Each structure stands twice: as structure tokens, then as C-alpha cells.
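Please work through the following exercises with the sequence and the coordinates open beside the text.

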Amino acid sequence: MKPKAVVTGASKGLGEVIATFLARTGYDVIVTARDEAALAVTAKRIGATAVAGDVTDPEHRKRLAEEALEADVLVNNASELGTIEPLVEQDPDELRRMFDVNVLAPIALTRELRPKLVVNVTSDAAVGGYEGWGGYGSSKAALELVTRTLAAEGVPAVTVDPGDMRTDMHQAAFPGEDISDRPTPDVTTPFWAWLFQQDGASVSGRRFQAQGERWEEAS
Ligand SMILES: NC(=O)c1ccc[n+]([C@@H]2O[C@H](COP(=O)([O-])OP(=O)(O)OC[C@H]3O[C@@H](n4cnc5c(N)ncnc54)[C@H](OP(=O)(O)O)[C@@H]3O)[C@@H](O)[C@H]2O)c1
């Protein structure tokens, strides 16, 4: 039987690259994103099963879990950027939405799927304290703590900072700026090729940088 993987936010950008890699290397892949038409195009191209919906919706997560029974890998990649602005000006509802998508949905999906490896996609904003990035950054910092806690509790889990990539989310963070000097997300493929060959227990609790000179950060 083929190993099974679920990738959230897989209609485009980094999620599409990860899902493509997993499908190409023999995984039975289940992809999700909100835009049903865009997701269907990606799913058809890579031979994955599409389950469209919002990761914050419990009914959607239930449908995903039914489709992905006994999943080996869960990649929590879908993310909400919010508005880049000073933290004190950030709308509380928008902050709540970031935490719903970036922290609570990954925890809930982990609980429902109980995969052999959870990959939580983080960002350098989780550690940077960058001006304007406090909402998104603090949600990713929380996701990193969640990951280390899961690992301590025996659920194999890692965080991966993919580095800057030329995607719609990156363009939204830098509106009107030319981002053509950033690499496309497939620059991270060698890292995924390495990670998915590792035994979950041997990498659990670690934070990786997919574009770093060394993948694993010194702790
Ligand atoms: N790009 C960068 O430079 C960069 C740097 C550091 C970290 N990251 C992280 O890398 C990951 C991927 O980012 P990206 O740049 O590839 O983003 P992207 O191109 O904007 O793609 C985001 C994907 O997530 C889906 N999505 C968003 N919200 C969702 C929700 N609530 N439920 C289900 N699907 C949802 C989107 O589809 P729909 O809109 O149709 O739902 C899309 O498929 C994110 O975790 C991001 O924080 C990116």
C-alpha cells in the first residue's frame, strides 16, 4: 500500500511544490485549499485527491480526516498573512484569524489525523521581531512551540522555515515591489527529498531551514 500524505494550502506556491514532490515519489496525496477550481487543476496535474475547504472549518477537517485515514504525513502549510502593520494597530479579528489558520487548525488536524510525521511550515518572522510582522510572526512562533510540545509528547513533528520565495503570499507582503530576485518555491525540493526519507522519531522536535546552508539550525 502507498504511504499517504495530506498537504494543506496545496493549490499553489510552496504547498503545490511539496504535494508534487510527494506524489512523484509514490505517496497517495490528499490536497486542500479553499479555491476549489484552482485546487482541482493542481490535483489533476499531480494525480492527487482534492478536498476543497478552509482548514479552520471543523466540517472540512472531518471530511479531510475521512479521506486521509491513517495518513503517514501531514504538512500544515496553509497560512494567513494578515496585514503587515504595527501590532498595536492590528484588528483583533484579523489577529484571531491568523491564529485560527496558523496555529489552531494545525493542532486540530494533527489530533484528527494522528500522522507518523507532522510538518509545520513556519517563517523567519517567528523569531525576527520584524516591524509590521508581529501578528503573523507571533502565530508562527506559537506554531513552533506547539511543534516542540507535540514532539515532547511523543507526536513526531518538525517545523520548517522555507525561506523567502516568489509566491502570491510573498507578493502580498511586499505590494508593488519587484520580487523577481526571490527564488521560486521549488528551490526547497532537495530539502523535502531529504526530510521525507527520515524516520519521524529521529527528526522530531527539530526546526529546519529549507534554504539554509545547513538545513538544521544550531540549537
Ligand atoms: N513565500 C514566502 O516567502 C514564505 C516565507 C516564509 C514562510 N512561508 C510560509 O510558507 C507557506 C506557504 O506560503 P506560500 O508563500 O506558498 O503561500 P501562497 O502561495 O499564498 O499559497 C497559500 C496556499 O494556502 C491556501 N490557503 C490559505 N489559507 C487557507 C485556509 N484557511 N484553508 C485552506 N487553504 C488555505 C491557498 O489557497 P486558497 O487561497 O485557495 O485557500 C494556497 O493554496 C506558509 O505557511 C507561509 O507562511 C512563506
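The exercises below treat the ligand site, an aromatic pair and one arginine.

The model is predicted, so local features need pLDDT of at least 70 and side-chain atom pairs count only at pLDDT 80 or more, while totals for chains, interfaces and linings use all residues. Residues are numbered from 1 along each chain as its sequence is written, and side-chain values use heavy atoms, with hydrogens and water left out.

**Exercise 1.** Describe the shell around the ligand by its residues, their classes and the helices that contribute to the shell.

Solution. Sorting by class gives 11 nonpolar, 11 polar and 8 charged residues, where Asp, Glu, Lys and Arg count as charged and Gly is among the polar ones.

**Exercise 2.** Identify polar atoms of the protein that face ligand atoms, and state how much of the ligand is buried.

Solution. Take the ligand oxygens to start with: one oxygen atom is 2.8 Å from a polar backbone atom of Leu14, and a polar backbone atom of Asn77 likewise has a ligand oxygen 2.8 Å away. Turning to nitrogen, a ligand nitrogen atom lies 3.4 Å from a polar side-chain atom of Arg97. Taken alone the ligand exposes 900 Å² (Shrake-Rupley method, 1.4 Å probe), of which the protein buries 94%. Helices H1 (13-24), H4 (92-113), H6 (134-152) and H7 (168-173), as DSSP runs of H or I with at least four residues, each give two or more residues to the shell.

**Exercise 3.** Classify the ring pair of Phe21 and Phe196.

Solution. The whole structure holds 11 aromatic pairs (ring centres within 6.5 Å). For Phe21 and Phe196 the centres are 6.4 Å apart and the planes meet at 20°, so the pair is stacked (under 30 degrees). Phe21 belongs to helix H1 and Phe196 to the loop between helix H8 (189-195) and helix H9 (200-203), 175 residues apart.

**Exercise 4.** Locate Arg96 and find its side-chain partner.

How values were computed: A polar contact is a pair of N or O atoms within 3.5 Å; within protein, one must be able to donate a hydrogen and the other to accept it, and residues adjacent in sequence count only if both atoms are side-chain atoms. Rings of Phe, Tyr and Trp (its six-membered ring) pair if their centres lie within 6.5 Å; planes under 30 degrees apart count as stacked, over 60 as edge-to-face and the rest as tilted.
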